[in-house]
Amino acid sequence: TPDVQSKQGAVWNRVPCYLRDWEMQVHFKIHGQGKKNLNGDGFAIWYTKDRMQPGPVFGSKDNFLGLGVFVDTYPNEEKQQERVFPYISAMVNNGSLTYDHDRDGRPTELGGCTAMVRNLNHDTFLVIRYVKRRLTVLIDIDGKHEWRDCIDVPGVRLPRGYYFGTSSVTGDLSDNHDIISLKLYQLTVERTPEEEKRDREVFLPVVDNLKLPGMEAPLEPMSGLALFLIVFFSLVAIVFAIVIGIIVYNKWQEQSRKHFY
Ligand SMILES: [Ca+2]
């Protein structure tokens with residue numbers, strides 16, 4: 001995008017990616033006239049099922065299927081003290097999750113780090129590596145040609161045949177978001193037979209053992225209700241069993257009396 005309000009843009013690969021293990025190197029530049037925290041909104045790198053669909057998540061569609069890595073340059077959430085922006089975060093979606101723009105995607109993020117990437121005189125890079133279901137994001141933003149850890153999440157299952165893309169958006173605040181290059185590398189790794197079995201192909205994006213902070217709240221009243229119902233019906237069943245038991249016992253006593261006399 002240019003450093004102008006309410007612009008958006010995207011670049012997508014035409015060819016789906018069928019690699020199992022890969023690395024995407026992104027050479028980018030974010031620069032603009034805005035003072036610190038008066039610039040926005042950032043850009044996203046995508047590996048998703050759908051391509052070329054404009055929307056609200058850094059210029060691309062929400063409820064996406066796949067992976068999004070966001071370089072978020074503006075803190076939308078108020079009273080944001082623990083986190084310094086620009087902030088890089090990752091999100092994996094099976095189509096059911098919504099990116100919460102007002103909270104900078106915090107409820108659905110897998111991990112992230114602060115990355116001071118604006119208005120720098122040297123080149124800035126990030127790399128997304130996906131090897132044996134492990135998703136890592138590394139950054140090279142200090143001009144030292146060294147990769148620094150940003151995100152590291154194991155157990156990420158992404159289907160093959162999705163599209164790589166990048167998109168960006170400006171709102172009331174703006175910045176130049178320049179993607180200078182996107183380079184995809186195939187990574188060759190050896191797998192043991194167990195790993196082969198474990199890394200079987202999936203058809204929907206999944207993250208193992210994922211507990212999203214935003215997901216717990218709506219689930220809690222449900223599980224409370226379920227627990228209540230289980231206890232309630234158990235009590236009903238016990239009372240019922242006791243009543244039946246007493247009736248049967250009385251009948252049996254009556255009968256045994258009859259037999260006795
Ligand atoms: Ca934001």
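Reader: In this predicted model, which residue forms a salt bridge with Arg20?

Author: The closest N and O atoms of the pair are 3.4 Å apart, and a salt bridge requires such atoms within 4 Å. Arg20 lies in the loop between strand E1 (8-12) and strand E2 (22-31), and its partner lies in helix H1 (residues 193-198), so the pair ties together parts that are 176 residues apart in sequence. The partner of Arg20 is Glu196.

Reader: Is Glu196 buried or exposed, or in between?

Author: Buried means under 20% relative accessible area and exposed means over 50%. Glu196 has a relative accessible area of 37%, so by these cut-offs it falls in between. Glu196 is partly exposed.

Reader: How far apart in sequence are the parts that Arg118 and Asp175 tie together?

Author: Arg118 and Asp175 form a salt bridge, with the closest N and O atoms 2.7 Å apart. Arg118 lies in the loop between strand E6 (111-114) and strand E7 (124-131), while Asp175 lies in the loop between strand E11 (163-169) and strand E12 (176-186). The parts tied together are 57 residues apart in sequence.

Reader: How far apart are the end C-alpha atoms of residues 225-249?

Author: An unreviewed UniProt entry annotates residues 225-249 as "transmembrane region". In the model this span is 100% helix and 0% strand. The distance between its end C-alpha atoms is 35 Å.

Notes: Residues are numbered from 1 along each chain as its sequence is written. This is a predicted model: local features need pLDDT of at least 70, side-chain atom pairs count only at pLDDT 80 or more; totals for chains, interfaces and linings use all residues. Side-chain values use heavy atoms; hydrogens and water are left out. UniProt positions are given in the numbering used here, feature names are shortened, and annotations may be inferred rather than shown by experiment. Helices (H or I, at least four residues) and strands (E, at least two) are DSSP runs, numbered from the N terminus. A salt bridge is a side-chain nitrogen of Lys or Arg within 4 Å of a carboxyl oxygen of Asp or Glu. Buried means under 20% relative accessible area, exposed over 50%, partly exposed in between (1.4 Å probe, protein chains only).
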